[in-house]
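The following exercises are to be worked with the sequence and the 3D structure at hand. Each task is followed by a stepwise solution.

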Amino acid sequence: MSHHLSVNPAKKILLNAFDMNCVGHINHGLWAHPNDQSHRFNELSYWTDLAKTLEGGLFDGLFIADITGSYDVYQNNLDLTLKESIQLPSHDPTTLVSAMAAVTQHLGFGITVNLSYESPYQFARRFASLDHLSQGRMGWNIVTGYLDSAARLVGQHSLQEHDTRYEQAEEFLELCYQFWEGSWEDEAIQKDKINRIFTDPRKVHAIHHQGQFYQSQGVFQVAPSIQRTPVLFQAGASPRGLAFATQHAEALFIGADTAEKVKAQVARIRELATQQGRNPEAFKLFVGITVVCAETDALAEEKLADYIHYASPEAGLAHYSSSVGIDLSQFAPDEPIPYQKGNSIVSVNNKFKEQSITRNDLGKQHILGGRYPIFVGSGAHVAEQLIQYLDDTGIDGFNLTRTVAPESHQDFIRYVIPELQQRGRYKTAYQDGSLRHKLFQNGDRLPEQHPVQQFRYGIQATAQKQRA
């Protein structure tokens with residue numbers, strides 16, 4: 001055991017449930033399991049029950065993925081995607097937040113929204129509204145999209161170049177910062193019935209933005225929410241994506257097939273953050289995982305065997321085909337897949353450059369239809385594996401995918417959480433405050449070292465005076 005190597009052995013593990021407003025999210029084919037309820041994803045009670053379950057397990061958040069478009073690369077059609085319900089049908093994740101916020105008090109909500117197909121104003125307004133209603137529990141996972149099918153759906157010919165997507169993302173974010181942080185001063189709302197002043201007009205300011213991608217003039221319609229800016233998550237792993245993430249994000253979602261690679265990525269991210277003038281420890285880094293647990297190791301292995309019986313590695317391959325933009329059905333099972341430069345997820349694609357991978361190899365990696373590391377065993381065994389992984393890599397927490405819903409999260413809470421708590425590695429109660437404060441213990445707002453600072457009212461006004 002290498003616990004003594006850990007910088008901070010008592011670091012408490014952060015935990016998000018990782019889900020999506022659809023049937024098959026990461027671990028594909030398991031919708032066919034007799035216990036699986038994911039076909040009920042279009043019912044409100046499915047989500048409110050999940051939110052209550054997760055809050056009972058003291059989860060930090062529910063991270064809801066989303067895509068625009070559908071997976072049509074494998075076999076050049078949608079047949080398998082439709083048969084196995086590979087993220088199709090899928091519904092808008094933001095619609096779930098109000099209902100889940102109503103039945104919980106502490107659970108955070110990290111919602112994926114692809115900014116390439118949004119208007120910054122409408123988006124900023126929607127998220128500020130949800131931050132009010134959830135009392136400061138909103139997070140935004142910033143994505144720029146990678147599917148040609150999405151670009152076509154919204155009337156564009158094809159996906160923009162990878163790096164252009166990030167230039168647009170940069171400006172989108174800057175405009176959102178102006179809406180959230182630059183239009184209203186903190187004391188603008190008076191609610192003074194005697195003098196009939198709800199809002200002090202001197203404390204509300206128009207935004208003037210003329211950019212390359214966006215223009216906006218006028219006052220933001222939403223007064224400041226608790227966090228003003230939602231907690232910013234990002235999952236970019238390309239050089240351009242990482243530069244963007246280490247500049248803006250507060251939490252990063254990273255992935256790799258080995259702990260060594262994760263460790264190297266963690267070091268690189270913390271180094272990049274330092275170069276951007278940000279505190280390298282001001283980032284929470286999460287790795288996506290799958291857990292199958294039970295009372296004993298033997299029962300957990302049995303459960304895994306049962307799940308494998310229903311899982312669809314081929315559906316996993318179809319999902320993967322869209323991630324890399326290559327139709328993997330065209331290769332023989334044991335033929336190495338050639339590297340092709342694509343415009344999709346750069347980090348996933350580079351694997352084919354670095355190593356010889358066949359469809360059979362991918363099938364083995366997708367035994368549960370998904371490609372995240374799988375931890376199997378009793379609660380104590382899984383807890384020890386997770387602690388070891390966290391201490392060896394230097395990450396801060398995990399995004400836990402579901403296998404059979406809802407039993408996989410219930411199992412984790414029943415078997416693993418008490419074992420983590422016993423080892424002093426997981427909280428035993430929630431702290432009060434916003435999602436940002438819970439994660440960083442540093443107040444509700446973004447810190448001053450963050451690029452948001454230059455868009456805050458007052459800072460802006462001073463800068464304009466100096467320019468004049």
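Contact here means heavy atoms within 4.5 Å. The model is a predicted one.

**Exercise 1.** Determine which residues of α4 and α6 meet, and state the classes to which they belong.

*Solution.* Step 1: on the α4 side, the residues in contact are P120, Y121, F123, A124, F127 and A128. Step 2: their partners in α6 are F172, L175, C176, F179 and W180. Step 3: sorted by class, this contact comprises 11 nonpolar, no polar and no charged residues.

**Exercise 2.** Describe how α4 and α6 are oriented relative to each other.

*Solution.* Step 1: α4 spans residues 120-133 and α6 spans residues 162-182; their axes lie 10 Å apart, at an angle of about 50°. Step 2: an angle between 35 and 65 degrees falls in the oblique class, and α4 and α6 are therefore oblique to each other. Step 3: the crossing of α4 past α6 is right-handed.

**Exercise 3.** Are C176 and C293 buried or exposed, and how many disulfides does the structure hold?

*Solution.* Step 1: the cut-off for buried is under 20% relative accessible area. Step 2: C176 is buried because its relative accessibility is 0%; C293, at 1%, is buried as well. Step 3: a search of the whole structure gives 0 disulfides.

**Exercise 4.** Locate L435 and list what it touches.

*Solution.* Step 1: L435 lies in helix α16, residues 435-440. Step 2: with 5% relative accessibility, L435 counts as buried. Step 3: leaving aside residues up to four places away in sequence, L435 touches D60, G108, F109, G136, R137, M138, G139, Q227 and V231. Step 4: L435 and A124 are separated by 311 residues in sequence and by 18 Å in space, C-alpha to C-alpha.

Terms used: Residues numbered from 1 in each chain as written. Predicted model: local features only at pLDDT ≥ 70, side-chain atom pairs only at ≥ 80, totals over all residues. Heavy atoms only, no water. Disulfide = S-S within 2.5 Å. Buried < 20%, exposed > 50% of the residue type's maximum accessible area, 1.4 Å probe, protein only. Axes fitted to C-alpha atoms, helices over the stretch in contact; angles between N-to-C directions. Helix = DSSP H or I, 4+ residues; strand = E, 2+ residues; numbered from the N terminus. Parallel < 35°, antiparallel > 145°, perpendicular 65-115°, else oblique. Left-handed = near helix turned anticlockwise from the far one by under 90°. Nonpolar A, V, L, I, M, F, W, Y, C, P; charged D, E, K, R; others polar.
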